[in-house]
Every structure is written in C-alpha cells, then in structure tokens.
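Hi everyone, thanks for coming. Let me put the model up, and then we can walk through a few helices and the ligand site together.

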Amino acid sequence: MERVKLIELLNDMSLEEKIGQLMQLSSNFYEDEAVLTGPAMEFGIGENEIDQAGSTLSIFDPETIKKIQQKAIEKQPHHIPLLFMADIINGYKTIFPIPLAQGCTFQPELAKECAVVSAKEASAGGLHVTFSPMVDLVRDARWGRVMESTGEDKYLNSLFAKAIVEGYQGKQLKDKGSIAACVKHFAAYGAPTAGKEYNNVELSMRSLREDYLPAYQSAIDAGSAMVMTSFNTLDRIPATGNKWLMQDILRNEMGFNGVLISDWAAIEELISQGVAEDKEEAARLAINAGVDIDMATNIYIKHLAGLIQKGTISESQIDKAVLRILTLKNDLGLFENPYKDLNPEEYSRYNLCSSHRELARKAAADSMVLLKNEGILPLKKSGLRIALVGPYTEELHLYGAWSLLGEDKDTVSLRVGMECAGSENKLYCIKGVNLIPDQEFLYGFKGLVTERNPVTSDSFEEAVKAASEADLVIIALGEHAYHSGEGGSKADLRLPKQQRELFEAVSRVNRNCISIIFSGRPLDLRDISEGSKALLQAWFPGSEGGNAIADLLYGKVQPSARLAMTFPYCTGQVPVHYDHFNTGRPFNGDHKNRFQSKYLDIPNEPLYPFGYGLGYTEFGYSEVRLSDTLMKKQDTVTASVVVKNMGEHAGTETVQLYLQDQKASVVRPIRELKGFQRVYLEPGESVEIMFEINEEMLRFYNHNMEYTSEQGAFTIFIGENATTNNQAECYLQLD
Ligand code: NOJ
C-alpha cells in the first residue's frame, strides 16, 4: 500500500480503533494455554476491545494463527490484520546455541545464518516479529540474562546486532522468509545493580553513551523495525516513561523511526517504580515518552481516550504511533497478504530439516570454548574406556531458558553424540547427582521444573566407581537452563554443591578428567579448572549439542571459540570486564604494598579473560609492525603481525586488535577491542594479518561530552586475547 493510502486509512479510523492498534494482547486472550512471562493482568475488557487489538504475542501454532488472523480481519472495522510477535531468541524449532555462546564464535556472519534460518522457520509458522536481538551489554554474570546477550564488548556486540537484524529481516520485510527484528532492551538493561533482575541501573552518561548505546545504534542502523523498552530505571527514571531517553536519544539522536514497544507490563510497573500515581498517569508518561505499543496491559486501552478528552495528551500523538504500526504492517506486506509466509507444509518441512540441523551443529561446535587442555584432547577413536558422568550425561534441555519451542525429543544428548562419534570406545554412563539441587524448588517460565530422571541413592558411588575403572572421565556439569534467563539472577556463581562433591570424588580417583560445563553464564570454575585435564565451556548448545561436543572432543572440528565474556575468578570479582580503567594506584604485583588497587584475598585477574580460548594447536605471533608511527587525522596506519601455526594440528586463530589511548581529557579504558580476524592455518603455515587503524577508532566522549579524538600517543595490541602484551606505539596528530 502506498503511504498516502496508509494515511487515508489512518484518517478514516475511529479513536477507539486507533487505540486498539496500540494494545498488544497476550496469547491467553486467544487460546487456553498462555505463555506468561510477567505478571498476569486483570484486563477488564470485552470482546469488542479484543477484536480491535493491533498485535499479540507468543502464539506459535500456525493453524491457530491462521484462525485468529481470519477472525481479526473480519472483525476489525477496517480489516486491519494483527501482528504476531514472539521471542525467537536462539532458534524457532531448530535451536542454536544461546546468544552468549554465539558471541563466542566471533563470527557475526554465522549468527546471521542462524537468524536467517530462525526467520525462515518462524515465518512459515505464521510469525511476523521476533523480540530479538537482545544487545544489552553485560558485565555481571550474576544477572541471569547475560545468556541472551552476545557479551561484554561494545564492538563485538555491535557487529552481532547488525548481523542478526540483517539475518531476520533480509533485504526487505515483505520478502519470503523475513520477519521484523525488535532490538531490546532500551536502554542499559544489562547493568542491573548487583546483578539482580529488574533492578535499577546507575550509569554515568559517558558509560551509557560510550559503552551501552553503540550496539542498539548498530541494530537501528541495520534497520531494526522495532525497539523494546527496558524494565530498569536509568538515572532514577524508568526507561518506559523516560521521554528524554525515548524521544531525544532514541528517535532524534539515534534516528529510530520504527515501532517502540514496552516490555511486558512495563507501563504498569511505572506505578510500583514510584513515578506514576495510577494507571492513568502511567499511560500519560509512556505515551509522552513515545511508547507505541503497550505490551500485555490494558492501560493504553483504558486511559488514552480519557487523557485526550481532558486535553492532557493530543490525538496526534496517538496518530503518530498508529501510523508507525500501520507502516510496519504494510512493510511486512500484511495488507496484501495477512498470513504472510504462513504455510503448514513448509513449516513441517523446514523445521529441524537436515540443513538447519547441520548449521546448528556447526554453530554449537564453533561456540564452545576450550578453556584448558593438558594434552588429553582430542580423544582417540578406539580402545578407550570412558566414564561419562554428571547430570548433563543424558540431559536434553540443552537449549537455554529462552527457547520456547525447543523440545527434548529433538535434542541430541551428550551420551548420544559420544556414542555415535566414538563407537569403538567403551562408554559407561552414570549421572551421579541430580541437576536440580535437592531441596531446591526451581520455577521455569511455565511453572515448577522437576528433575527428568532423578538419580537413585547409589548413583553417586556408581559414578565414582566407573570413574576409577576408566581410562578417562568426561564429567558433564552445569546449571539448569532455568538457573539463567529472565528471573535467573544468582548470588553464587559456583556449581551446585552436589556437583562439586561429585567432581571432587571423581577427580580424586581418576586424574584424567575432562570437564564439560553447560551454563547460561560464566561460572566460578576455579576448582573444576584446577582439577581437570581439560575444560570445555559448552554453554547451552541447542538441538545438536551432543553431536557438536563429540565433534570437538574427537577432533573432527577444531575448537575455535573465544570468550565473549570474562570468566571471573569468583563471584566477588563481578562485575568484571577487560576494558576497565587504570586507577591512580594500579597494582604492580607487590603484595607488601597495601595501598594499591587490589583484593586481599583474590587476584585482580579473572580466571579466564575476554577473547581467550584454546584450540588443538598453538600459534606464534611476530612483533607488531606499523606502516608509520605517526597518524594524521585523515591517515590510516597499517598494523600487522605474522601469525604461525606452531603445532601439529590445523586450526583457527582469532587475531585480536586492541587500542589504548594513553592519555586523554577523561580516563580511558586500559584497552578496547577494535578489530579481529579469524584465520585458518595448516601446521607450519603462517600468514600476515593486517589491520587498518584510523582516527575514528580513537574517538570517545571527551571532557565536554563531545564525541571526538584527542592528539597523543596510543598503544596498539595485537594478539590472542585481551591480555596480550604484543604491542607497538603510534602517535595521533590532529593539527
Ligand atoms: C519480558 C522480557 O523482558 C522480554 O525480553 C520479552 O521479549 C517479553 N517478556 C515478551 O515475552
């Protein structure tokens, strides 16, 4: 439909109809079984209002979607179709590794492929919008939702944000297989105080702009059709009612002109947050902030008309919001075809088809980070007696908290993966302990979660016995998927006690322990790391998890992932991130000097730094060479290193470029990631890797909050992770 026609349509709509477009109803208005991810609301609305709704969320069955859409078009006075939205976070039916794991691939193009597949499956299932990507910068592993982000680095997150949006949306939303992206949660939801879910965010303006906004900006620049507000406050103002944040920053500065949706019931939560007296005031704050869609409350539908009558808000505010929603529907081609790509035959054919599974397997293997290997990996294909123990031995919930359609029956367990890959080895599988700690009541998104196959009382001893008789032990440990995700904050980042006890007992009887950790966050793995010969961080790897692990353990695939989030030494060290600042008294290793920036009881260094990860070979780096040691404003300087595969296996290295501004008008991070290149090298092979460096890469918010660079020396680091000391110095000259 042409824009003039859209405007004609808008002008012809009654106020009631227009406000209906701003209301998003949850699935329980349309079906019996609801997926509720927030407080259930007492709506007090009738059928007429339901028929006027503009969108709904979390309805997945294509036949149901078709019926609901048919009815909606019939009933809506102008036959305006509904938008069907859902959380497709790391896959629709084919489940990919969780976003944090995808960040560890350091392959945005791979995440894009996963998004393309997710969109293809979801659109055949009748969906139009996904609430993804979540690009909140995360530095505190206590927060359960770190699993939904691609990590702690603004540059890396920005690349993934762009790639994922492009993957979902394709060339244009109308095209077959495209769905609209909704980048979230605007803004800075990833920095809740003390890692506690829904908590307030206290951030400096500089950090907000420099660290937190870039990834949202990148998603917006890539054309993200929607943005979702966040639950948190920012500078003591809840984001969902923050006019400055949504209008001045998001729309005017960042150039977003799509649809802004509240998070679940976030408009109503303005009351509990203490900035709105009642629902009417909450409605006023949100509409004035420019929030177009009210997700899952009746606040807009109940109060906007009254506010217009009173003259508190104007109808033109509503018109603007409605026009944005109609534009999105039009961009998706819904006025011509309200079912878009919904197609039950294709839906069954695409879901979990072999090419999608193949991609899931590759993405999973490429996302698992090998943290330690004392020569025990890769495994021999035959002649080994392997004890496979731990709660993840046969666990099938490998898809993380946010995969609403992931099913156990479609998932490859570790046991199955290992049996297929190493049929000439002998595998003894014993769980040993439960995944959900005894005495714990764990509530997932749909109620109480129970242990799948609870262990018998002698399982622990059997596991230890099997370990003592085996050549080596693979011990599969971790947190349950619902220990992370929304509502999954934790104050202790260690594994549950029973699992630690199992590890201790098993590693005492067999020194050849290969530990595999499933989790949605970096955990405190000190003891596990110390007692293991090899340690693999498997995250929640998705449908093909078991196969992907076996691929890595048997060396069919070389481990190549790098940490996108720092692994803390212990919980007390978080929030921890590589791009921190120097203090006036940096620690120089001298423990006798009390008055330096350090802890008395733990090291300053994390257990494993950002960018870290091993493969089955080692790479050597030459010194950093520069094309010039002086860089003028318009110049570029080329920094290069020669990287050589020094080992006996082929492998992929992720060569990382970091810059440090040595002195500026404000304190600068000790280094920042500015580029990386993945390179595959055969044994003995070497290659020259070059990075172009320019003035733009040195910009920051200066003392006067101008985004600019300053003249002076800077350090260029090129190496294998964020702690590299392979460096050279250059000088930026501006005049
Ligand atoms: C609440 C979550 O914060 C958000 O990320 C999600 O998209 C909505 N619920 C809808 O399920």
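First, a term: a crossing is left-handed if the near helix is turned anticlockwise from the far one by less than a right angle, and right-handed if clockwise. Helices here are DSSP runs (H or I, at least four residues), numbered from the N terminus.

A word on the source: this is a predicted model, where local features need pLDDT of at least 70, side-chain atom pairs count only at pLDDT 80 or more, and totals for chains, interfaces and linings use all residues. Residues are numbered from 1 along each chain as its sequence is written, and side-chain values use heavy atoms, with hydrogens and water left out.

Now, how does α17 pass α18? In a right-handed crossing. Helix α17 covers residues 459–469 and helix α18 residues 497–509, and they pack at about 30° with axes 8 Å apart. They are therefore roughly parallel to each other (angles under 35 degrees count as such).

Helix α7 (residues 154–169) packs on helix α8 (residues 205–221) at about 20°, with the axes 7 Å apart. That crossing is right-handed too.

On to the ligand. For the side chain of Arg145, an N or O atom is 2.6 Å from an oxygen atom of the ligand.

Note on methods: A polar contact is a pair of N or O atoms within 3.5 Å; within protein, one must be able to donate a hydrogen and the other to accept it, and residues adjacent in sequence count only if both atoms are side-chain atoms. Axes are lines fitted to C-alpha atoms, for helices over the stretch in contact, and angles run from 0 to 180 degrees between N-to-C directions. Helices (H or I, at least four residues) and strands (E, at least two) are DSSP runs, numbered from the N terminus. Angles under 35 degrees count as roughly parallel, over 145 as roughly antiparallel, 65 to 115 as roughly perpendicular and the rest as oblique.
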